[in-house]
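This report considers how two protein chains meet and how selected residues are placed. The sequence and structure are shown first.

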Number of protein chains: 2
Amino acid sequence: CGFEPIFLGYSRCVLKPKTTEEVAKILAFCNNNRIAVCPQGGNTGLVGGSVPVFDEIVLCTSQMNTIYSINDTSGVLVCQAGCILENLDKALEEHGLMMPLDLGAKGSCHIGGNLSTNAGGLRLLRYGNLHGTVLGLEAVKADGEIIDLLSTLKKDNTGFHLKHLFIGSEGALGVVTKVAIQCPAKPKATNLAFLGLESFSHILKVLKKAKGDLGEILASCEMIDQSTLDVCTCNLKLKSPLAEFPFYMLIETHGSSDAHDQEKLNLFLEDVMLSKLILDGIVTNEPSKMKNIWDLRERITEGFVRDGYVFKYDISLPIEHFYSLVPVMRERLAGTEGIVRVSGYGHLGDGNVHFQVSCKQFSNEILHQIEPFVYEYTSKLRGSISAEHGIGFRKPKYIHYSKSPESIVIMKELKKMFDPNGILNPYKVLPM
Amino acid sequence: CGFEPIFLGYSRCVLKPKTTEEVAKILAFCNNNRIAVCPQGGNTGLVGGSVPVFDEIVLCTSQMNTIYSINDTSGVLVCQAGCILENLDKALEEHGLMMPLDLGAKGSCHIGGNLSTNAGGLRLLRYGNLHGTVLGLEAVKADGEIIDLLSTLKKDNTGFHLKHLFIGSEGALGVVTKVAIQCPAKPKATNLAFLGLESFSHILKVLKKAKGDLGEILASCEMIDQSTLDVCTCNLKLKSPLAEFPFYMLIETHGSSDAHDQEKLNLFLEDVMLSKLILDGIVTNEPSKMKNIWDLRERITEGFVRDGYVFKYDISLPIEHFYSLVPVMRERLAGTEGIVRVSGYGHLGDGNVHFQVSCKQFSNEILHQIEPFVYEYTSKLRGSISAEHGIGFRKPKYIHYSKSPESIVIMKELKKMFDPNGILNPYKVLPM
């Protein structure tokens, strides 16, 4: 993102409908009267997608929180768009199920917002993305027409697959009102390994081996570099269970037999130790120890704030290049005054690196050394300049770094087709 | 489908381009001259989607069979659309990987056709559908414009997710020319259980238990009723390893440790035996025995042909109703002359039942007793009248049984936007 937060709208009207029909009436009225609407879920987005820019009416889904059904056998959950992710997870627990996605914002984010932003998160490696797990949805178009795509079926090849137009389009094509999602069985066993490594090339080898050896139980595979871990250990005074190493990996397994999973993990660890792919490592299934390790990953954002000002980027790169931006940027910024650290961490298993430059305070000079270079670098490697956070209000002018001109033209045509008056989430997603 | 095959076009021109640029030139020419085009992959579809209806030019992808890259670490395969599925699987094997989908037609079907029809198949339960596993694609629009969506990234939230428009739209919105797909590790261990059961309600209980107990290793969960098995044992003289039971289940596991997987399967079987959920069952990991059991599933279509004429339906239903059509239809057809059998089998884990009525010969009277009743029944339960086979030429007039009028209007608008002259696969997918 790279700018000071400016996520502050001037709306004087927040509407909180309870039903799809109410959403439809609101949108029909706004469309007829050319009133702009900003759909909002839990308002936890990081690119301003759910924040009004000027005086849009805020259409908030917080009252749309009914769970319609949970099917024990098929694992299908059907609910309204305003259900909070964590509440859904809790409701599923009684049925031996869980949500296929998990994010830091789970306590406030709405499932409708998750769909609209194609939220990724920590379990994607194992349970797949929302295009795969969402079975159906209901959405309301800008003109108030209700589009019923609320299938609960895993297979339905009857015509064009329209639901995907509403997944990840950030409320610009319609407002998601109901969701049907495929939920996996809640794992009976969870184990976590925390590893110290010497180099990124070793990380790639360990990733490959983990995919082969742990295959079906591999649930998360994250990496953190030393400089990033420091924001937790130095800034937040968290304790790391390992000594200092250039790189760390967190590998979590989900399975149905603790004994089997531990055996697999231990064999895997013995192998990578013996072949010197890792320098040290621990495995645990104790909840408190697992939490302490996950804190080293999940509290990174909080830790960075203590550095001063942070330029943050959410980038996907082909796996060999996952970490390459960090040394390149370190060299580029060498000698620049005010830099605290240049570092990277993130969802290694998904090729999604969180890259940041922290400095004592915001500086235009540093900004211009980072941007647009960081986007050009990503674009040259055919990476994504927004892996999981979306485009929102922040990034429309950068979208061309990841999307071809022809694609952007199609997106604009789709926008015109679905929302000819442009009332839905204006100034967002697409460049003017 | 319910009609005599009429899959015979009158094309006098088949073009076999080798490159995307050639596809683009062909389409630009045809679009300018209002010449209809029928995109064709391996021509293995079951609803006539790849067969010209009148004198369309056939645009065949068979010469577009280059594999560009296989990435050992990320598991990403990039190739041209005309690669044969089985060839891709073989190429991946050397890298310890496999394709996330597997179909009976794998020896001839093209990956581009798989995408265009959103092919399902036998591994979907475990590895997910193509909307989840396809990372990127390249397609050519009707006017010859090349749309580069060939991302190899698992996460890319930059704008609307356009690639899904080309997955499952049966070549009506564009011709898929290149594919990037996420491939899982090839399992080190495969085990197969074949179970005999008393009732469908027991099947549902065993399915639920299998999902919980076998969770991460569950790869396929199929069911066959006695009447369907008979077409293999009586018509084809195949041997079943079990005595006769009203229902059968095939449960295949894929895992990274044979010992662990066998232990899980054996524990599961002991439990379902003890609790009398199953009447008998065997487990094997011997390739020849597994093949014999899978033959009982995969040769069903061949076996049915010996009955005479077969009315076949590929239907998705909510899991509780998976089998309900069979007894309802048996009652409806009771006493009708010429009926050989009314039976059901299919991808239980995906809620996709293959339902058929076989008779000595085609009869209009029987047809009208089955249709449109079978579609109305499916529609009432919000099922899909084409779970995995698609709409093609055969079913446009039935699409309204599974899709709302509003959805069909949007589909028609999309068709107009992407192919204003209607040159791509005319008379298919959408109703006139």
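Across the interface of chain B and chain A of this predicted model, 54 residue pairs, both at pLDDT 80 or more, are in polar contact. A polar contact is a pair of N or O atoms within 3.5 Å; within protein, one must be able to donate a hydrogen and the other to accept it, and residues adjacent in sequence count only if both atoms are side-chain atoms. On the side of chain B that touches chain A, the residues divide into 32 nonpolar, 37 polar and 25 charged. Here Ala, Val, Leu, Ile, Met, Phe, Trp, Tyr, Cys and Pro count as nonpolar, Asp, Glu, Lys and Arg as charged, and the others, Gly among them, as polar. The largest share of this side, nine residues, comes from α15(B).

The rule also finds 14 salt bridges across the interface of chain B and chain A, each requiring a side-chain nitrogen of Lys or Arg within 4 Å of a carboxyl oxygen of Asp or Glu. K154(B) forms a salt bridge with D350(A), with the closest N and O atoms 3.4 Å apart.

Contact, defined as heavy atoms within 4.5 Å, involves 94 residues from chain B and 94 residues from chain A. The area buried between the two chains is about 7,100 Å², and carbon and sulfur atoms give 56% of it. In chain B, K155(B), N157(B) and F160(B) lose the most area to chain A, together 14% of what that side buries. Buried area is the accessible area (1.4 Å probe) that two parts lose on being put together, summed over both.

Residues are numbered from 1 along each chain as its sequence is written, while chains are lettered from A and ligands numbered from 1 in the order in which they are written. Local features need pLDDT of at least 70, side-chain atom pairs count only at pLDDT 80 or more, and totals for chains, interfaces and linings use all residues; side-chain values use heavy atoms, with hydrogens and water left out.

The largest nonpolar core has 192 residues, and those with the most contacts inside it are I251(A) and I251(B). Such a core is a set of buried Ala, Val, Leu, Ile, Met, Phe, Trp, Tyr and Cys residues joined through side-chain atoms within 4.5 Å. Leaving aside neighbours within four places in sequence, I251(B) is in contact with residues including L192(B), V206(B), L214(B) and F268(B).

The table gives relative accessible areas; buried means under 20%, exposed over 50%, and partly exposed in between (1.4 Å probe, protein chains only).

| Residue | Relative accessible area | Class |
|---|---|---|
| S227(A) | 16% | buried |
| L15(A) | 28% | partly exposed |
| N425(B) | 3% | buried |
| Y427(B) | 33% | partly exposed |

S227(A) lies in helix α7 (residues 226-235) of chain A, and L15(A) in strand β1 (residues 14-15) of chain A. Helices (H or I, at least four residues) and strands (E, at least two) are DSSP runs, numbered from the N terminus. Beyond four places in sequence, S227(A) is in contact with R330(A), R341(A), V342(A) and S343(A).

Most residues other than glycine have a negative phi, and most peptide bonds are trans. N425(B), in the segment after α15 of chain B, has a positive phi of about 45°. Y427(B) is found in the segment after α15 of chain B and has a phi near 70°. A cis peptide bond joins E371(A) and P372(A), with omega about 0°; the bond from E371(B) to P372(B) is cis, with omega near 0°.
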